[in-house]
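Please open the model in your viewer and keep the selection tool handy. We will walk through it one stop at a time.

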Amino acid sequence: HKDELLALVRSVQPDDMVCAYVRQNRMLGLGHAVLCAEPLVGNEPFAVLLADDLMVGNTPIMQQMVQQFAHWRSSILAVQDVPREHTQRYGVVSGSVVNDGVVDVTGIVEKPAPDVAPSTLAVAGRYILTPGIFQELERIPRGVGGEIQLTDGIAQLLRHEKVFAYRYEGVRYDCGSKLGFLQATVDLGVQHPEVGHEFAQ
């Protein structure tokens, strides 16, 4: 008789949405995972959301990016400034500022050492990509870690299409790390309307 819980589960999927999934049968990197989705995506722009990056904003981060895509009609990468000593954890972009919060990307490199990183503007776990990325991912050789890197595919896409980096407004928690997971738990726990007050105490 858990009718409220059943209603909650059913409400997660909007009536006009079809949910489907595809399995990445070999662990060949993020670029390969995206490539596995090509039969579902087809010739349409699409979003990539990395689940271990929990991102919170007054306006949802993906909504911000959709608004940017509607303006630029090009691939959009969510980015944030990171300390230079952390560049080897991320894909890092270079480019020229076109307006407040938007960079016209001219280069992107995966996990550069701090002394050779082109900037401190790191790609966070949200992307809107054009379908041209699939062709690039099919052609590139394996990169860092012997994997098909999405960053390398984007670098090749830059030869044919504009790509923009967007400094989103919000907070990112790296829930792939123990510390990030704990930070998210505490920050969002104290804000929770049902348990926040008691949790804070």
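The tour below goes from the whole chain to single residues.

This is a predicted model, in which local features need pLDDT of at least 70 and side-chain atom pairs count only at pLDDT 80 or more, while totals for chains, interfaces and linings use all residues. Residues are numbered from 1 along each chain as its sequence is written, and side-chain values use heavy atoms, with hydrogens and water left out.

**The whole chain**

Start with the cartoon view, where the protein chain shows eight helices and eight strands (DSSP runs numbered from the N terminus: H or I of at least four residues for helices, E of at least two for strands). Its radius of gyration is 18 Å, close to the 17 Å from the globule rule for 201 residues, so the chain is as compact as a globular protein of that length. That radius is taken over C-alpha atoms, and the rule is 2.2 Å times the number of residues to the power 0.38. Along the principal axes, the C-alpha atoms fill a box of roughly 55 × 40 × 35 Å. Of the 201 residues, 38% count as buried (buried is under 20% relative accessible area, exposed over 50%, partly exposed in between, with a 1.4 Å probe and protein chains only).

**Helix 5**

Now select residues 132–139, which form helix 5, and colour its buried residues Ile-133, Phe-134, Glu-136 and Leu-137. Looking down the helix axis, you will find these buried residues within an arc of 165°, so they line one face of the helix (the arc is that of the directions from the helix axis to the C-beta atoms). Show what covers them, including helix 2 (30–36), strand 6 (121–129) and helix 6 (150–157).

**Salt bridges**

How many salt bridges does the structure hold? There are five, each a side-chain nitrogen of Lys or Arg within 4 Å of a carboxyl oxygen of Asp or Glu.

Select Asp-53 and Arg-172, whose closest N and O atoms are 2.9 Å apart. Asp-53 lies in strand 2 and Arg-172 in strand 8, so this pair ties together parts that are 119 residues apart in sequence. Asp-53 is buried at 7% relative accessibility, and Arg-172 is buried too, at 18%.

Next, pick Lys-162 and Asp-104, a salt bridge with its closest N and O atoms 2.6 Å apart. Lys-162 sits in the loop between helix 6 and strand 7, and Asp-104 in strand 5, so the pair ties together parts 58 residues apart in sequence. Here Lys-162 is partly exposed at 46%, whereas Asp-104 is buried at 12%.

**Gln-64**

Move to helix 4 (residues 61–72) and select Gln-64. Is Gln-64 buried or exposed? Gln-64 counts as buried, at 5% relative accessibility. Leaving aside neighbours within four places in sequence, Gln-64 is in contact with Thr-59, Tyr-166, Tyr-168 and Glu-169 (contact means heavy atoms within 4.5 Å).

**Out to the surface**

Go to Met-27, in the loop between helix 1 and helix 2. Met-27 is exposed, with a relative accessible area of 70%.

Finish with Val-186, Val-190, Val-195 and Phe-199, which make a nonpolar surface patch of about 310 Å². Val-195 is in the loop between helix 7 and helix 8, and counts as partly exposed at 40% relative accessibility. Patches are made of residues with over 30% relative accessible area and no salt bridge, joining like charges within 9 Å and nonpolar side chains (Val, Leu, Ile, Met, Phe, Trp, Tyr) within 5 Å; the areas come from the Shrake-Rupley method with a 1.4 Å probe, and for residues only the protein chains shown count as cover.
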